[in-house]
Amino acid sequence: MAFLSTHGLTAQYGQFKALFGVDLHVNPGECVAIIGANGAGKTTLMRSITGVLRNAPEMIRLGDTPIGALPADQILKRGIAMVPEGRKLFPSLSVEENLLIGGQVRKGSGRWSLDEIYGLFPILKERRHSPGTALSGGQQQMVAIGRALMSNPELLLCDEISLGLAPVVIRDIYAALPAIRATGAAVIVVEQDITRALSVADRVYCMMEGRVTLTAPAKEVTREAIHAAYFGAAA
Amino acid sequence: MIWLDVLVQGILLGGLYALFAAGLSLVFGIMRLVNLAHGDLIVFAAFAILLITATLGLNPFLAALLAAPLMFAVGWALQRFVLNRVLGKDILPPLLVTFGLSVALQNGMLEVFSADSQRLSVGALESASINLGIVTVGTLPLLTFASAVAAIFLLNRIFYTTALGRAFRAVSDDPTTASLMGLNPKSVFAIATGLAMVIVTLAALYLGMRANFDPSIGPARLLYAFQAVIIGGLGSLWGTLAGGAIIGVAQTFGAQINPEWQILAGHIAFLVVLLIRPRGLFPRAVD
């Protein structure tokens with residue numbers, strides 16, 4: 001059975017409808033990429049799954065359990081953690097405090113601890129007493145990932161983690177992904193960088209204008225199919 | 001030496017104003033909520049202490065110890081069931097609701113406790129003094145100031161070294177992201193207001209021992225608290241102590257020149273500080 005699934009998921013901001021019946025699922029331990037242009041609804045989807053936007057209960061299921069109406073703090077307690085778009089570190093907190101707050105509500109006695117995070121991103125140990133927002137963009141992204149891992153999630157959502165970062169920095173950040181997956185956690189990677197997304201994912205969903213336009217195993221999907229799904233044009 | 005004496009008395013009086021202000025500062029710092037009923041809640045706590053003293057025959061200090069958890073519960077419930085519903089981008093609804101609460105509290109207390117002035121009696125301590133060589137200070141004002149310093153020190157420790165303080169700062173920075181970290185901002189706000197009401201109880205204890213109180217004096221305490229918070233810089237607790245001391249010193253100097261000038265001198269000091277440092281003496285870097 002899928003670890004997490006959405007069923008006809010809709011979302012709207014006031015009058016503006018952002019998602020039109022999205023169906024997707026993530027299996028335990030699987031890495032799923034969600035690609036799509038700006039405004040395709042990827043971030044809205046993440047906000048819905050994590051409970052920042054509330055939904056009808058049945059629209060999102062954790063295994064068999066409907067969780068669509070739960071608030072964000074309850075979603076985290078069920079093992080779903082998020083690395084939000086734009087990193088969103090707490091400016092009043094140091095690097096270490098940012099990490100600790102991620103672990104304040106821990107699910108079980110999983111692998112991740114401060115030492116493990118420092119092992120994964122050694123630079124953070126050197127900067128641990130700096131204000132989180134005083135770090136470079138790439139280092140801030142490492143804090144944001146570490147902060148989400150501290151809750152020992154079974155599903156990690158990464159929203160645009162390469163946005164605004166230099167290619168060499170993006171490579172370093174993606175290099176952490178195998179260690180994260182080695183814990184058995186499933187990962188959803190929301191990306192605009194299609195090549196990067198396909199290189200790490202098992203399966204890929206492409207979204208356009210609030211709908212899923214393509215679902216395929218990452219290894220089998222063709223450039224033409226993605227082009228059609230991404231832009232809506234005939235391949 | 002009389003001016004040195006006035007200065008010391010003023011600073012010690014500032015301790016009381018800092019106690020009035022610390023709860024206000026804490027709540028504002030965490031949730032940007034201006035509680036217009038803060039002064040009335042201080043008076044309410046003073047009546048609660050008085051009631052416990054009268055019913056159980058306890059000393060006011062012990063009565064305050066019992067009142068503190070009750071006031072924590074009052075603050076927690078007030079935030080959880082009333083104020084959380086009106087917190088949002090618009091600052092007007094919380095102002096209206098707390099203003100309404102202020103009026104309701106004053107009239108409720110008038111109904112229950114009448115308009116008679118009350119006092120928390122502590123016998124000989126009220127007039128006891130300590131000779132420090134150059135100046136002689138009252139034991140009670142000294143105790144008030146020491147309590148203010150201790151309360152602000154403890155609040156700062158909580159704020160900067162505990163998991164609860166981390167949660168306070170995180171929800172203050174960004175409630176949505178804090179909820180993604182498993183924190184429920186509304187619960188955190190409720191704890192913060194509960195904590196503020198514990199400080200309010202301490203303020204009420206010293207208010208009631210120092211002078212008479214009746215249901216109508218809340219708004220003036222709120223005004224002093226406001227001035228202390230704003231002079232100190234919004235959200236800075238040590239700044240609040242400095243702000244309280246400045247108001248206290250200005251008032252005692254004013255009273256020394258002419259007793260009618262006491263309150264006015266405090267307000268003038270407040271305006272002067274605002275003219276020179278519009279953001280207060282110790283504004284927080286991130287606002």
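How many residues of chain A are in contact with chain B, and how many residues of chain B take part? In this predicted model, 21 residues of chain A are in contact with 17 residues of chain B. On the chain A side, helix 2, residues 72–77, and helix 3, residues 95–102, each supply at least two of the residues that touch chain B. If we sort that side of chain A by class, we find twelve nonpolar residues, together with five polar and four charged ones. As for confidence in the model overall, it scores an ipTM of 0.91 and a pTM of 0.91.

Let me stay with chain A and turn to its sheet. Six strands of chain A form an open sheet, in the order 6-7-8-3-9-10, and the pairing is mixed. Strand 6, residues 80–83, and strand 10, residues 211–217, stand at the edges of this sheet in chain A, and because each has a single partner strand, one side of each is left without a neighbour in the sheet. On average, and with direction ignored, neighbouring strands here are turned by 15 degrees against each other.

Strand 9 of chain A, residues 203–208, is joined to strand 10 of chain A by six bridges, and the two run antiparallel. Within chain A, Val204(A) stands opposite Ala216(A), the latter in strand 10.

Chain B has eleven helices and two strands, and if we read from the N terminus, the elements run α-α-α-α-β-β-α-α-α-α-α-α-α. The radius of gyration of chain B is 19 Å, close to the 19 Å that the globule rule gives for 287 residues, so chain B is as compact as a globular protein of that length. Taken along the principal axes, the C-alpha atoms of chain B fill a box of roughly 60 × 50 × 35 Å.

Two further values describe the interior of chain B. Buried residues make up 49% of its 287 residues, and of the contacts in chain B with a separation of 6 or more, 75% are between residues 24 or more positions apart.

Technical notes:
Residues numbered from 1 in each chain as written. Chains lettered and ligands numbered in written order. Predicted model: local features only at pLDDT ≥ 70, side-chain atom pairs only at ≥ 80, totals over all residues. Contact = placed C-beta atoms within 7 Å. Helix = DSSP H or I, 4+ residues; strand = E, 2+ residues; numbered from the N terminus. Nonpolar A, V, L, I, M, F, W, Y, C, P; charged D, E, K, R; others polar. Pairing = 2+ DSSP bridges. Axes fitted to C-alpha atoms, helices over the stretch in contact; angles between N-to-C directions. Rg over C-alpha atoms; globule rule 2.2 N^0.38 Å. Buried ≥ 20, exposed ≤ 12 C-beta atoms within 10 Å, placed from the backbone.
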